[in-house]
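Reader: I would like to learn how to read a structure, feature by feature. Can we take one case at a time?

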Amino acid sequence: LKCKFYACPGNHDHFGDITAQLSYTSLSPTGRWTMPGLWYSYKYSVPGQVTTVLFLMIDTMVWTTEWHKMRLGTHSPRDWGWMVHTQKTWLTNTLKTSTADWVIVAGHYPVYSVGSHGPTEELVAELVPILDRYGVALYMNGHDHNMQHHVSNKVDYITVGAGGHWIDNSTKNEGGLNPEGSLKFMASKLGGFLSIEVNDPVYLHVRFIDESNAELYSYRKENPRRCNRAPHGCD
């Protein structure tokens, strides 16, 4: 694929030398690899339109107890707290000051999931209120090796983890921290990806597609950021 790849770090990246991936952003001979920091943003302007989309790529590992345990001996609890605080402050300030029509946040760990790994407690407690407050339309993640669509309040939570070498068809984490009735779609297929089409500031279209390019599931999403700005919200 001759397109740019905007990456965000996950658990396996942190298990190795994460700085190598950050450095490769400036060393990639094709310029397609993009991960200038553990968290960063980029703004996309829809061709031929005035519509803009802000993407925020975050490092969900530093929010979690797993990362803290993994770094035991190399980072102090003070360092962990500083990294979480720094990322949260950056995320909040970026969302607060953004004038983009749409906002999409992506990280490796799921907020909500019924799969093997399940929901991430720290993200439910600390990230969800930020997404709700600033009208984020989509949160996208991997980690669980399947495809899921959850809705909570006005935020859609999408797992796109079907590009790996094995598939997880477990639903062992139904309930719990997952809001009741939040799961709208789940598929466990070997091979699959997500397509997001944005043509205007009001609606976007999401499509889950399998390895043969067949559409598995699709829906239209109204912009919660627009609703937040409207005097009386949206119906």
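This is a predicted model: local features need pLDDT of at least 70, side-chain atom pairs count only at pLDDT 80 or more; totals for chains, interfaces and linings use all residues.

Reader: Which strand is joined to β4, and by how many bridges?

Author: First the rule: two strands pair if DSSP finds at least two bridges between them. Helices (H or I, at least four residues) and strands (E, at least two) are DSSP runs, numbered from the N terminus. Here β3 and β4 run antiparallel, joined by six bridges. They form a hairpin with six residues between them. Gly48 in that turn has a positive phi of about 75°.

Reader: How do I read a pair of aromatic rings?

Author: Use the distance of the centres and the angle of the planes. Rings of Phe, Tyr and Trp (its six-membered ring) pair if their centres lie within 6.5 Å; planes under 30 degrees apart count as stacked, over 60 as edge-to-face and the rest as tilted.

Reader: How many aromatic pairs does a search of the whole structure find?

Author: Eight. One of them is Tyr42 with Phe55, stacked at 4.9 Å centre to centre and 10° between the planes. Tyr42 lies in strand β3 (residues 40-45) and Phe55 in strand β4 (residues 52-57), so this pair ties together parts 13 residues apart in sequence.

Reader: Is Phe55 buried or exposed?

Author: Buried means under 20% relative accessible area, exposed over 50%, partly exposed in between (1.4 Å probe, protein chains only). Phe55 has 16%, so it is buried.

Reader: What about the rings of Phe208 and Tyr217?

Author: Their centres are 5.7 Å apart and their planes are at 50°, so that pair is tilted. Phe208 is buried, at a relative accessible area of 0%. Tyr217 is buried too, at 18%. Ring pairs also link Phe208 and Tyr217 with Phe185 and Tyr219 into a cluster.

Reader: Which residue lies over the face of Tyr203?

Author: A charge sits over a ring if NZ of Lys or CZ of Arg is within 6 Å of the ring centre and within 35 degrees of the ring normal. In this model Arg220 lies over the face of Tyr203, at 3.7 Å from the ring centre.

Reader: Why is strand β7 described as largely enclosed?

Author: Count its buried residues. Five of the six residues of β7 (residues 147-152) are buried, so the rest of the structure largely encloses it.

Reader: Which strands pair with β7?

Author: Strand β8 (residues 155-160) runs antiparallel to β7, with six bridges. His149 has Ile158 as its bridge partner in β8. β7 and β8 form a hairpin with two residues between them, and Asn153 in the turn has a positive phi of about 55°. Strand β9 (residues 183-187) also pairs with β7 in the antiparallel sense, over four bridges. There, Gln148 has Met186 as its bridge partner.

Reader: Now the whole protein. How many helices and strands are there?

Author: The protein has seven helices and 12 strands. Buried residues make up 48% of its 235 residues. Its C-alpha atoms fill a box of roughly 50 × 40 × 40 Å along the principal axes.

Technical notes: Residues are numbered from 1 along each chain as its sequence is written. Side-chain values use heavy atoms; hydrogens and water are left out.
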